[in-house]
Amino acid sequence: MARVVGNILPHGGQLVNRVLRGALREAALERAGSFPQVQLTRMATSDLEMIAVGAFSPLPGFMTKEDYDSVIDTMRLSNGLPWTIPVTLPVDDETAAGLEEGQEVALWDGDRLMGMMTIAEKFPADKEREAREVYRTTEEAHPGVARLYRHGNWLLGGEVFLLNGPKKVEFPELQHEPAQTRRMFAARGWRRIVAFQTRNPIHRAHEYIQKTALEIVDGLFLHPLVGETKIDDIPADVRIESYQTILRDYYPADRVLLGVFPAAMRYAGPREAIFHAIARKNYGCTHFIVGRDHAGVGNYYGTYDAHDIFDEFEPGELGITPLFFDYTFFCKKCGAVVSAKTCPHSKENWVYLSGTQVREMLERGEMLPEEFTRPEVSKVLMEGVQAKRQEG
């Protein structure tokens, strides 16, 4: 376990560290060469990294059946600690048939050895139940459910060690592990840190929410997700460039830290809001912004379901303070960015765009309205999306 740095304890009290280095790593690499091989799904690859660096503390590995069932049914680990999303290692029937409990296996990402695991348990996935309870639907039109159904029918549970990072590291200069962010926050003298999770470019409503939150904390941790997302989401490199553009000109440099969150997007709505909050607690954040339809997709979740789910836990039980924000937009009559809580005017005066509208405009080479996003950001997005279309 890593020494705790920062003002807020990690989830469960200890920051997990399952990364082998030096002589221990060299010895493990030699041993793992003779182990049976297990190929990781794309999501399991990112989950392995998140477990190893402590972002998913207190998990020391992929869930066993007791935790898997408990999380699905009660939104808690078997020891009672709040946890809302199963973190599992799926394998197909053929792979599962060749493995036994108690066996050590090598975890591979394609042709790259990433880690090793001792199989504590091998058990069948309960996909329909997991879909129904976690995603609130069994429809394959839901991207999280579709991925769940694509994965193997068996799950391997047990503790892991990371030997090598992912084959492709996105934005290495922005890869800050939880132990590192805790030191960075402390070095800046920040005691109250608010995290903002996003898989979308920042527009004026986001900027309003972030700066409102900054009024009551010491620093903002802008933490965009860069793991697996839907194919029609704005590409991660375009999003990162848009974040850097707006931060450079419109945010106080000494009060914002930009980092990337290599986790996969589940699109699990309310449950993922809790999951994201707990992860940011592990990174050392004391507050977490929860906006409208957090981690939602399509029409599977109510607008404020991601707010309401926090009421299902006792005050202080999650160990991080959620900051809830209503629907936010530019109002022509107000002449400013406001929210549904503060604006008295009718919707005819509101300037807002859906994600689909934004993508369609960018693909047509059109700048987004200035009331929706800053021109510098719009230019980055439009040029980035156009370049991706030409590459495709």
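**View 1. Asp293 sits in the loop that links strand β11 (287–290) to helix α11 (305–308).** Helices (H or I, at least four residues) and strands (E, at least two) are DSSP runs, numbered from the N terminus. The model is predicted: local features need pLDDT of at least 70 and side-chain atom pairs 80 or more, while totals for chains, interfaces and linings use all residues. Residues are numbered from 1 along each chain as its sequence is written, and side-chain values use heavy atoms, without hydrogens and water. Asp293 is not a glycine, yet its phi is positive, at about 50 degrees. Its relative accessibility is 24%, so Asp293 counts as partly exposed (buried is under 20% relative accessible area, exposed over 50%, partly exposed in between; 1.4 Å probe, protein chains only).

**View 2. Phe171 is another residue with a positive phi that is not a glycine.** The phi of Phe171 is about 50 degrees. Phe171 belongs to the loop between β7 (154–162) and α7 (178–187). Here the relative accessibility is 13%, and Phe171 therefore counts as buried.

**View 3. A cis peptide bond joins Ser57 to Pro58.** Look for an omega of about 15 degrees at this bond. Pro58 lies in the loop that runs between α2 (42–53) and β2 (61–62).

**View 4. Five strands make an open sheet with parallel pairing.** Strands pair if DSSP finds at least two bridges between them. The order across the sheet is β10-β9-β8-β11-β12. The edges are β10 (256–258) and β12 (321–324); each has a single partner strand, so one side of each has no neighbour in the sheet. On average, neighbouring strands are turned by 25 degrees against each other, direction ignored. Axes are lines fitted to C-alpha atoms, for helices over the stretch in contact; angles run from 0 to 180 degrees between N-to-C directions.

**View 5. Strand β9 (residues 219–224) is mostly covered.** Six of its six residues are buried. Gly219, Phe221 and His223 point one way from β9. Leu220, Leu222 and Pro224 point the other way. In a regular strand, side chains alternate between the two faces of the sheet. Follow β9 to its two partners. Strand β8 (residues 193–198) pairs with β9 in the parallel sense, over six bridges. One of the bridges sets Gln197 against His223 of β9. Strands β9 and β10 also run in the parallel sense where they pair, here over three bridges. Phe221 has Leu257 of β10 opposite. Helix α9 (residues 236–250) lies across β8, β9 and β10. Relative to β9, helix α9 runs at about 160 degrees.

**View 6. Helix α8 (residues 204–214) is mostly covered as well.** Eight of the eleven residues of α8 are buried. Among them are Ile209, Ala213 and Leu214. The buried set also includes Arg204, His206, Glu207 and Gln210. Ala205 of α8 is buried too.

**View 7. A second open sheet has three strands, in the order β14-β13-β15.** The pairing in this sheet is antiparallel. Strands β14 (336–339) and β15 (350–351) form the edges, and each pairs on one side only. Strand β13 (residues 328–331) and β14 are joined by four bridges in the antiparallel sense. Find Cys331 here: its bridge partner in β14 is Ala336.

**View 8. Helices α5 (residues 127–135) and α6 (residues 143–150) cross at roughly 160 degrees.** Their axes come within 10 Å. The angle makes α5 roughly antiparallel to α6. The cut-offs: under 35 degrees is roughly parallel, over 145 roughly antiparallel, 65 to 115 roughly perpendicular, and the rest oblique. From α5, the residues in contact (heavy atoms within 4.5 Å) are Lys127, Glu128, Glu130, Ala131 and Tyr135. From α6, Gly144, Val145, Leu148 and Tyr149 take part.

**View 9. Helix α3 (residues 65–74) packs on α5 at about 40 degrees.** The two axes are 9 Å apart. This angle makes α3 oblique to α5. Helix α3 brings Tyr68, Asp69, Ile72 and Asp73 to the contact. Helix α5 answers with Lys127, Arg129, Glu130, Glu133 and Val134.
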